[in-house]
Amino acid sequence: MTLNLGETRLEAVQGDITQQEIDAVVNAANSALAGGGGVDGAIHRAGGASILAECRQFKGGCPTGQARITGAGNLRAKKIIHAVGPVWDGGGHRESELLCSAYRSSLQLAVENELRSIAFPSISTGAYRFPLEKASKIAVDTCKDFCSEHPGALDLIRFVCFSARDLKVYSKLLNPL
Ligand code: ADP
């Protein structure tokens, strides 16, 4: 499913985030930037040790709701943007605001680094248990808002869904009808 917003294309695909040929791949990182399971583990395994070595240079890691950028090691991307989403804790702990901020910080970093295409995993919806319906709406809405605020700054925003179920949810959100 694809949605064109001015000069930026938003698309949802089913796949593996580590296999994307794109300028920026976003990692669903933890605030220690120390590697982990899920997307984080897959990116560090596929990308090689240089990524973790670069992450270690961010002393104190990265606060929830923010992002940091490193090289992409062996991945077919130019950069990795490590975004830290919130752990879901019932919804009353600023989870939505922090997730929005994680997406927004990633998009901002991409533009600052002259990266024109970016692939996101579904941040916080795995080990961090953020409900997918809510999280995907925040992801798509935040990206749409960013595109209206920065027309022409990005060519492509891709949502990489691990499962067919996730793809269905994202596709619905990108369907303008
Ligand atoms: P978080 O800790 O932010 O919840 P996870 O990595 O546990 O992040 O999960 C985020 C989402 O990414 C989940 O939907 C999970 O199924 C999915 N996922 C896991 N591995 C990959 C991968 N290699 N490519 C794309 N998505 C993945």
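A polar contact here is a pair of N or O atoms within 3.5 Å; within protein, one must be able to donate a hydrogen and the other to accept it, and residues adjacent in sequence count only if both atoms are side-chain atoms. By that criterion, a polar side-chain atom of D16 lies 2.9 Å from a nitrogen atom of the ligand. This is a predicted model: local features need pLDDT of at least 70, side-chain atom pairs count only at pLDDT 80 or more, and totals for chains, interfaces and linings use all residues. Residues are numbered from 1 along each chain as its sequence is written, and side-chain values use heavy atoms, with hydrogens and water left out.

**Ligand contacts**
- I17 places a backbone N or O atom 2.9 Å from a nitrogen atom of the ligand.
- A polar backbone atom of A127 is 2.9 Å from an oxygen atom of the ligand.
- The ligand taken alone exposes 560 Å², and the protein buries 87% of that (Shrake-Rupley method, 1.4 Å probe).

**Ligand shell**
- The ligand is surrounded by 16 residues (a heavy atom within 4 Å).
- I17, V39, S124, G126 and A127 are the closest.
- Eight shell residues are nonpolar, six polar and two charged (Ala, Val, Leu, Ile, Met, Phe, Trp, Tyr, Cys and Pro count as nonpolar, Asp, Glu, Lys and Arg as charged, and the others, Gly among them, as polar).
- Helix α1 (residues 38-47) gives the most to this shell, with three residues (helices are DSSP runs of H or I, at least four residues; strands are runs of E, at least two; both are numbered from the N terminus).

**Largest pocket**
- The ligand takes up the space of the largest pocket (a molecule sits in a pocket if more than half of its atoms lie within 2 Å of its grid points).
- A pocket is an open set of points on a 1 Å grid over the protein atoms alone, where a 1.4 Å probe fits, with protein on both sides within 12 Å along at least five of seven lines; lining residues have an atom within 4 Å of a point.
- The lining has 13 nonpolar, ten polar and three charged residues.
- Four lining residues, the largest share, come from α1.

**Backbone**
- R94 has a positive phi, near 60 degrees, and lies in the loop between β5 (77-84) and α3 (95-112).
- S124 has a positive phi, near 75 degrees, in the loop between β6 (117-120) and α4 (132-149).
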